[in-house]
Amino acid sequence: MNKQIGLIGLGKMGVEIARQLKDKGWDVKIYNRTAEVTTEIAREGFDPAYSLQELVNKLESPRKIWTMVPSGDPTFQTIAGEQGLINFMSAGDFIIDGGNSFYKDTIELYKKIEEKSVNFLDCGTSGGPSGARNGACLMIGGKKENFEKLEYLFKDLSIPNGYAFFEGNGAGHFVKMVHNGIEYGMMQAIAEGFDVLKQSDYNLDLNKIAGIYNNGSVIESKLMNWVKQGFEKYGVDLSEVSGAPGHLGEGEWTIKTAKEMGIEIPVIEDSFQFRINSANKPSYRGKIISMLRNMFGGHQVN
């Protein structure tokens with residue numbers, strides 16, 4: 001079992017994945033487009049590379065490289081561009097895209113990669129930076145034979161029983177995309193509920209309510225736990241938190257895909273539209289969503 005891997009992208013998620021793998025006994029070679037970041041993280045005991053070719057050359061065959069870079073063109077260029085990974089890797093090597101890529105982009109990437117006889121797996125990664133550091137939830141797509149060869153990697157990166165394989169190119173990113181759409185709807189419902197609680201005549205302790213909601217109730221969840229932690233961090237008025245929550249587009253992908261399939265998803269669609277409208281109409285429920293995004297994903301609150 002070769003526990004050596006290259007990791008590209010040392011942002012909030014990528015750096016924590018590197019640390020998690022190092023703790024599990026992996027020899028992690030790291031690369032980031034900003035060389036200063038690579039040098040800084042290398043001080044923790046990682047082996048740095050300052051180009052994709054150097055990273056590939058540091059790895060033994062069959063190589064394993066995990067990418068954790070922004071979706072769209074950055075991912076495509078990193079993997080399949082003119083100076084991308086596939087130009088330096090060999091037949092039988094493995095690339096795992098662990099970022100939030102749109103599943104249709106992933107399908108197109110498979111075509112490019114397979115021309116080089118390099119193996120590819122797509123992996124939706126959930127749990128935020130804390131999950132990446134302590135055990136994530138992984139949704140893996142691709143060919144079963146490739147998954148089985150690397151299952152020990154996914155086991156080391158996930159919480160117990162926290163990974164699952166789904167047959168098909170792009171299937172992992174498709175499952176994660178829908179997860180993100182559901183997340184939009186759940187966060188919107190929580191925000192609306194706490195908005196009602198705040199504006200009631202009862203002068204309710206919202207922090208106390210978040211605590212009891214998250215102790216045995218039907219809506220007990222990680223999200224509710226983050227509401228409580230967020231209130232403790234920022235105060236229930238959330239005065240320092242923006243009432244116009246941002247978005248990265250993943251919720252919109254779910255909406256577009258559902259429309260292509262002829263499926264109505266009004267809750268997810270409304271929750272996405274709320275974020276669009278909030279740019280001109282900030283609100284307390286917007287503050288709740290901004291706070292939640294900060295608590296689980298490290299996003300800016302203002």
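**Figure 1. The surroundings of G170.** G170 touches Y103, T106, I107, Y110 and D122, not counting residues up to four places away in sequence; contact here means heavy atoms within 4.5 Å. This is a predicted model, in which local features need pLDDT of at least 70, side-chain atom pairs count only at pLDDT 80 or more, and totals for chains, interfaces and linings use all residues. Residues are numbered from 1 along each chain as its sequence is written, and side-chain values use heavy atoms, with hydrogens and water left out. G170 is placed in the loop between β8 (158–167) and α9. Helices (H or I, at least four residues) and strands (E, at least two) are DSSP runs, numbered from the N terminus. With a relative accessibility of 2%, G170 counts as buried. The term buried means under 20% relative accessible area, exposed means over 50%, and partly exposed lies in between (1.4 Å probe, protein chains only). From C-alpha to C-alpha, G170 and A80 are 16 Å apart in space, and they are 90 residues apart in sequence.

**Figure 2. The protein chain as a whole.** The secondary structure of the protein chain comes to 14 helices and 8 strands. The radius of gyration is 20 Å, close to the 19 Å that the globule rule gives for 302 residues, so the protein chain is as compact as a globular protein of that length. This radius is taken over C-alpha atoms, and the globule rule is 2.2 Å times the number of residues to the power 0.38. Taken along the principal axes, the box filled by the C-alpha atoms is roughly 65 × 45 × 35 Å. Of the 302 residues, 52% count as buried. Among the contacts with a separation of 6 or more, 67% come from residues 24 or more positions apart. The accessible surface comes to about 14,300 Å², and 50% of it belongs to carbon and sulfur atoms. Accessible areas come from the Shrake-Rupley method with a 1.4 Å probe; for residues, only the protein chains shown count as cover.

**Figure 3. The packing of helix α9 against helix α12.** Helix α9 (residues 171–199) and helix α12 (residues 250–260) pack at an angle of about 105°, and their axes are 8 Å apart. Axes are lines fitted to C-alpha atoms, for helices over the stretch in contact, and angles run from 0 to 180 degrees between N-to-C directions. The helices α9 and α12 are therefore roughly perpendicular to each other. Angles under 35 degrees count as roughly parallel, over 145 as roughly antiparallel, 65 to 115 as roughly perpendicular and the rest as oblique. On the side of α9, the contact is made by F174, M177, V178, N180, G181 and Y184, and on the side of α12 by E250, G251, W253, T254 and T257. These residues divide into 5 nonpolar, 5 polar and 1 charged. Ala, Val, Leu, Ile, Met, Phe, Trp, Tyr, Cys and Pro count as nonpolar, Asp, Glu, Lys and Arg as charged, and the others, Gly among them, as polar.

Figure 4. α9 and helix α13 (residues 266–278) pack at an angle of about 70°, with 8 Å between their axes. This angle makes α9 roughly perpendicular to α13. In α9, the residues G181, I182, Y184, G185, M187 and Q188 meet V267, I268, S271, F272, F274 and R275 in α13. The residues of this contact divide into 7 nonpolar, 4 polar and 1 charged. Q188, which lies in helix α9, counts as buried at 7% relative accessibility. Apart from its neighbours within four places in sequence, Q188 is in contact with S271, F274, R285 and I289.

**Figure 5. T78 in helix α4.** T78 lies in helix α4 (residues 73–80). At 9% relative accessibility, T78 counts as buried. Residues up to four places away in sequence aside, T78 touches I8, L52, T67, V69, G84 and L85. T78 and Y202 are 124 residues apart in sequence, and their C-alpha atoms are 55 Å apart in space.

Figure 6. The peptide bond from S61 to P62 is cis, with omega near -10°, and P62 is found in the loop between α3 (52–57) and β4 (64–67). S117 is not a glycine, although it has a positive phi of about 60°. S117 is placed in the loop between α5 (103–114) and β6 (119–126), and at 44% relative accessibility S117 counts as partly exposed. N203, likewise not a glycine, has a positive phi of about 55°. N203 is found in the loop between α9 and α10 (206–213), and at 74% relative accessibility N203 counts as exposed.
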